[in-house]
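Here are my notes on this model, as numbered points. Please read them beside the structure.

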Amino acid sequence: GEVYKTALSLAITGPTSDAGNPYSKGAEDYFRYVNDMNLLGDDTIECTIRDDKYETAITKRNFEEFLDMGIVFYLNYSTGSTLALKRDFDEVKMPTLPASFHAGNIEGSDYIFLPIASYSAQNIGLAEYVVDHHEGGTPKVAMYVHPSAFGREPVKDIEKAIEAGLDIELVETVEHGQDLDVTAMIQRWRSKGVEYVISQTVQSPVATMLKGAGNLGQVAESFGEEGKMTFLGAHYTGGNDLIALAGDAAENFYWTTSYIVTSEPGAGAEAQLELAQRYGRDEKTSNSHNYANGIMVAQVTTEVIRRAKARGNEINKENLYQELLEMNGMNAFYPVTTVGPVTYSKDDHQGVDTLQLYVVRDGAFRAEGKPFISEYAEKIK
Amino acid sequence: MTYFFQLVVSGIVVGSIYALAAIGFVLIYKSSRVLNLAHGQLIAAGAYITYTLTVYCHIPIYISFVLSMILTFFLAMSVERIFLRRLIGEPIISVIMVTIGLMSIIDGVIYLTPFGSENLSFPSFLPSQPIVFQGIYISYTQLAGVLITFLLIGVFSWFFRKSTVGISMRAVSDDQMASMSIGISVPRVFGLAWATAGLTAAAAGGILGNIVGLNFDTLHAFGIIVFPVVILGGLDSLPGAVAAGIIMGLIQQFASGYLDGNWGLSGTASLLPYIVLLVILLFKPHGLFGTHEIERV
Amino acid sequence: METKQDGHLLEVNNIEVVYNDIVQVLRGVSLKVAEGGIVSLLGTNGAGKTTTLRAISGLLKPENGYIRDGYIRFRGRDITNVLGTYVVRQGAVMVPEERRVFKHLTVDENIWVGSVTRKDGQQKIREDHELMYRHFPRLANIPNRLAGYCSGGEQQMIVIARALMAAPKVLMLDEPSLGLAPLLVKEIFENIAAINRDLNTTILLVEQNARIALEISQYAYIMETGRIVLEGPAAELKQNPDVKEFYMGLTRAGGRKSFKEVKSYKRRKRWM
Amino acid sequence: MPNLIVSDVTLTFGGLHALSSVNLEIQPGLITSVIGPNGAGKTSLLNCISGFYHPTSGEIHYKDRRLTKLAPHHVSKLGISRAFQNLELFGGLSVLDNLMLARHKDLSYNLLHAVFFFGKAARVEAENRENVESVIDFMELEPYRKQTVGNLSYGVQKRVEVARALTLEPEVILLDEPMAGMNVEEKEDMVRFIFDIKKEWEITVVIVEHDLGVVMDISDQIYVLDFGEVIGLGNADQIASNPRVVEAYIGEE
Amino acid sequence: MMSANRWMATGNYFTAYRQEQRIFATHTDRLMFALFLVVLFSWPYFIELSTKHMLVIDNILIAVIAVYGLNLVTGFAGQISVGHAAFMGVGAYTVASVAGVIGDQHVLITHAWPLMILLSGLMGAAMGLIVGLPALRLRHLYLLMATLSFQLIFQWIIGSMELFNQGQFMYVGRVHWFSGEVGRSQHYMFWYYALLVTVVVSGLGVRNILRTRYGRSLVAVRDNDRAADAMGMHPGLTKVFAFGLAGFFAGMAGALQAYLNRGAGFETFTLHESIQYLAMTIVGGLGQLTGCIFGPAAIRILDLQVESLAQWAGGILPSSLDLATGLRPLSFGLVIVLFLIFEPRGIANWWRIIRSYIKLWPFRY
Ligand SMILES: Nc1ncnc2c1ncn2[C@@H]1O[C@H](COP(=O)(O)OP(=O)(O)OP(=O)(O)O)[C@@H](O)[C@H]1O
Ligand SMILES: Nc1ncnc2c1ncn2[C@@H]1O[C@H](COP(=O)(O)OP(=O)(O)OP(=O)(O)O)[C@@H](O)[C@H]1O
Ligand SMILES: CC(C)C[C@H](N)C(=O)O
Ligand SMILES: [Mg+2]
Ligand SMILES: [Mg+2]
């Protein structure tokens, strides 16, 4: 049969490799599964996975090589390299799915598609949840963000949402460093009456913060507990890695993403664990939400190829791009690994718009409430 | 006021870990004038070894903490043996560059272990309820960290003051040839300096891992912040390292306590050490307690 | 193989030394030092005197040199190409040229550190330490001064005392009079003689000041470009006319040559 | 008319007086020697003149220029060069390069010339190479021209020191123990060089030296320092018969 | 006088100092160099490389320019700099922020690009001079710390200032050449030539600096800055000057990189990158001009080789990806260390040995 070439360049070593590693395995396993199970008949997908150590220059080199190989679909990773290669993707008309959900990625680009709701949408979603569930008055919120565009962009969007009527008071925004002790910060928040802390960063600073807050006895034991702080965070702050790092201090941490988690039984979780088991992945990888993330982008890739094939179209980047643009309404795609359908169109480049809130109870993430869609994220567009 | 004292306490906690990390760096500099850029990696190695012993070998943490110090002692000693011994007599600049290579090598080795890209956390073994004294909080883990730090610092100061090893180290750093001429085994002194540096690094790594968890990036970043600390202390002074560690801890806590979040400032705590570093370099290059070069022509 | 041939404590036999694998500096140097004596080694600049001492004391390696041929024996043991530490433990200690004190250590620490290789107990070491201050009373006044700030003569005393603290059988001195004022030179050499006499330390002396060196030694060797060209009892060498002229600065008549007489002439030699 | 005048110079290190109220006049075209016991302050004096130390009080003038606060690179540009007591050579470079470096201040081209090299820079460089060669010739360093200085024996390195100071084309040359570590024969050579430096090159020479035989024979004028103070001054005979000098420095024969 | 044979090295005496100054001692050398240049400029007409390899080559050339600077300050002047990537960042962000302000399709960016590159070099130089300033007071290796501070402060500034888009990628438009806009298909080839010219011209410039008083003064302060002082050089200013030079080449390299990558993002200018450049300098040969070419080539090629090894291992051993990728830093570090221990003069020294072997070829012993 035919061999369809795709590629993934990501950080398997270097910064953020804690996320990149399971991500790459998810993609790798799913493509292998497609080929082993003949999901595309006797056609196969060949996905080249390259480590770029989170360095844009290497990503660029990898991408040029992938182009020489003649790939038809591309999976990218970091915010930095997605932004840096944006023009290249457009020039060569390469449909691209990054692992970064940075809203800026899809600005002014026709070919980049976010797998799920952007960081902004996630953070606004969290803020909306706070508004809806807070009792009495305007909730006082602090934001704890990564010192980079990745962390800052959502802050701007939350500010816009506040202007548009979102009823929270943004008390302060902290860009974290590599702090060993967050006592000062927590004390300050307490003195300013902060009730909720929304984080937009990666796990380890969040873990440090949670431990610090725990030591000071500041972590709310239930949502919105009076006189304490409730901690919330977006996709890359949570997952089992957070529990691994923060231990008990992670208890009652609220986290949102569009992926299913394996600690909540369901079809998706079963499928994910089965896949991991089939390819001999360890416990940790199997249960990682980034593993789910990797599977999902591979699923989307496979799905567009399948659809193009079904239509009898040649498998090339133009046709796959068209398939992506038509993935909506009746044609929405339901991968089992997400909490909602993947929808793309000409002006919707965010895949799964639905978010699910999870909370840590007894050392595991549990679903809290139904999947929801952020209202203000739409409003501020 | 409580807030102020809380900052002081946190500053001392953070600072004493800096101090512990800095001591190892100072030991190596003291004996060989080498700036060991791979010190952060030694700290990381120590942290991972402690973790392995505790979690995989199910050794109680206080024993594995000590064991890890011993293992890292030998690890650092073999690093010296394998890589640095051949460079005795070569210009210092080459040796410093070798430590840059070592950075990568140790990184690579850590990647080869299952920990490379993982986030891990030590099982908690101390009560997680903090101690509260007059509204000032300190956790048991932090307290243990501070106590261990001061204990080790005490032991080392005593050792180097009392034993001839301390004097030999200073002699070697002064003039290798002359040291050899009176029978000091220069390689032995270097080996010992590295080994003890490894030992303190492991201690720092273990404490650090317990406080913030194990994450490669965090450990790396920690290795870099040691530089401003040692420069402030004066590179070759053990008391300097301790004082500077604590001063730096206080600076950072006060920065994030009083600057951040006001006037739109943010992340000053991670920037300030380097600004301090520059200022020190410009106005007091020998730091607080560093030895002035004797330069007669 | 016989040991301690005819009572010689130190025996250097036909050694060749090469630096950096190419530069041959010693071309078959042999010398013997008898127990309890003072032996001088004289020679022009670059003759290889320092190199000879380095070869004996195991300090060639750091300079990227090694003994390619021949052997060195000390108290019957072969010490060819061994490490410096070993040689010191065996009891042969060298005082390097240029007064290499540990600048950042105090005078007292400098002296103290000389005893690191000793195993005969604190008591003995402390006694020797006292003894040093008796030998060099000047140092007793400034035990806490940083050695780097001491004057040249003081530094020279420090390094000799430091070496003596290792309780050596043989003390090798490389140009101890270098840069010292006449009074001090006298003092240092008196000290050397006293040490030889009181402590029964054998001494191998490299010197430029031939007059004073020949004065205190029993036997002497003269080196030129890597070879021993002349040897004999000191008293005998003092009478040798060449030695007189080139090393002691005496005219044939026996008077001191005057430097005023040095002819100043311009040599015309062009490179092109 | 003296052209280098040290007036009332005091230099202290902590509590230690390395120099106290030293007055010195160096006459052009002569050989002036400074002698004294170890630690008397001779090197410190040269350091003050050449800018490595700055006097605590007092003034130093050279031909109406005040040297007191100048840095070494300024002093050397005014025509005062020196050779160091404890070798300060560029150990990793060849003898030739050591001397070429001494020409630094006389190379009159700018960075742009250097980058494009041809033209001015090339010409100046070639000229300077000739100057350097004449010094190599003069100091009889031909055999060592391309050798790494650090590997030379002590005595030869001393000779390179002097040669390098000479390559600076100074008006005054300060030599700190140029004959240390040399045997009689080599000292004679050095004396010959010094005579030529004085006569042929017309350079004022200041020497710090411990070999009294040499000092007495070659100096036109001798200063004796002890504990930072000038305790004697005059020609060889005057010095030899000065009781203070004999007691402090020479010792009874 | 017998005229010297200028074709062969053996039996070749100089008859004037001018001859000894020559870059090429013999006609043969000169000819070889010319031939080499011809090959460098013409091979693309005969061999077609994949875009990836073209990009690799372009990146090597950029690194060569950067390493010229780093070698001057570290190899020649003896000041370890761990902030070289930041200096490159200064250059890259000069172009990028100008593009950000006046628009990335402005003629200044697209047509006057050589000017922009030069300007970036000057910005880099200015920054180098500033960072080098502590040299006026500091001696020894303390400056390493100053460069470390600069590196980290640079990252902070880029990451937080709006002017630099807070570290997010800033675009730089495609440039124009006489034939019109340089499109995607010619992009890497075009920059290959631009870079090659820069490498050759800068190389000759550096070579010339090195054989004049400026170059010698760098070596002098490395060897003994007190003596340098006595020779009439200001040791501090000389080091500052070295940093200025380093900054200049880094700035140019950074600007070229911004053009090649069509923009600048802060990830390219981290401490880690600085260490990469240092490694290139070491492996090439500290204080060896030819090392500036060998070093970057060796490190980049090693990187590619290890990558394919990892790839290969990944194909053979299932799920061995982490194992294989750990090899990357490991091999990188080992190469640095092995070179320092066994060949401290770097690959440049092998080159010299080979050359002297060839030179003496008819008269081998
Ligand atoms: N480390 C070295 N590498 C290469 N050559 C060296 C080295 N040390 C000394 N030499 C060479 O060996 C020769 C002998 O040097 P050595 O220092 O032994 O002479 P010396 O007799 O002590 O002279 P001086 O009286 O001047 O001290 C000299 O030609 C010198 O250049
Ligand atoms: N940088 C310094 N710091 C402190 N003390 C110093 C310094 N330089 C010199 N001294 C002190 O100043 C005094 C004079 O030293 P100097 O070197 O000038 O003596 P000298 O006459 O040259 O002796 P020698 O003949 O031994 O070379 C000495 O006591 C010395 O310790
Ligand atoms: C793990 C990554 C995909 C996310 C990362 N923080 C970035 O935005 O670059
Ligand atoms: Mg010698
Ligand atoms: Mg002196």
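1. Chain D puts 49 residues in contact with 41 residues of chain C; contact means heavy atoms within 4.5 Å. Among the 8 pairs of chains that touch, chains C and D make the most contacts. This is a predicted model, in which local features need pLDDT of at least 70, side-chain atom pairs count only at pLDDT 80 or more, and totals for chains, interfaces and linings use all residues. Residues are numbered from 1 along each chain as its sequence is written, chains are lettered from A and ligands numbered from 1 in the order in which they are written, and side-chain values use heavy atoms, with hydrogens and water left out.

2. Interface size is often quoted as the accessible area lost when the parts come together. Between chain D and chain C about 3500 Å² is buried, with carbon and sulfur atoms giving 52%. Buried area here is the accessible area (1.4 Å probe) that two parts lose on being put together, summed over both. Asn38(D), Tyr154(D) and Asp217(D) supply 18% of what chain D buries against chain C, more than any other three residues.

3. Which helices of chain D supply at least two residues each to the side that touches chain C? They are α5 (120-138), α6 (154-167), α7 (184-199), α8 (212-218) and α10 (243-250). Helices are DSSP runs (H or I, at least four residues), numbered from the N terminus. α7(D) gives the most, with 10 residues. By class, this side of chain D has 17 nonpolar, 14 polar and 18 charged residues. Ala, Val, Leu, Ile, Met, Phe, Trp, Tyr, Cys and Pro count as nonpolar, Asp, Glu, Lys and Arg as charged, and the others, Gly among them, as polar.

4. A salt bridge is a side-chain nitrogen of Lys or Arg within 4 Å of a carboxyl oxygen of Asp or Glu. Over all chains the count is 48. One salt bridge joins the side chains of Asp88(A) and Arg184(E) (2.6 Å, N to O). That pair crosses between chains, from helix α3 (residues 79-91) of chain A to helix α8 (residues 184-210) of chain E.

5. Chain A has no contact with chain C; their closest C-alpha atoms lie 37 Å apart. Nor does any contact join chain A and chain D, where the closest C-alpha atoms lie 32 Å apart.

6. The lining of the largest cavity includes 4 residues from α2(A), the largest share. The lining divides into 4 nonpolar, 5 polar and 7 charged residues.
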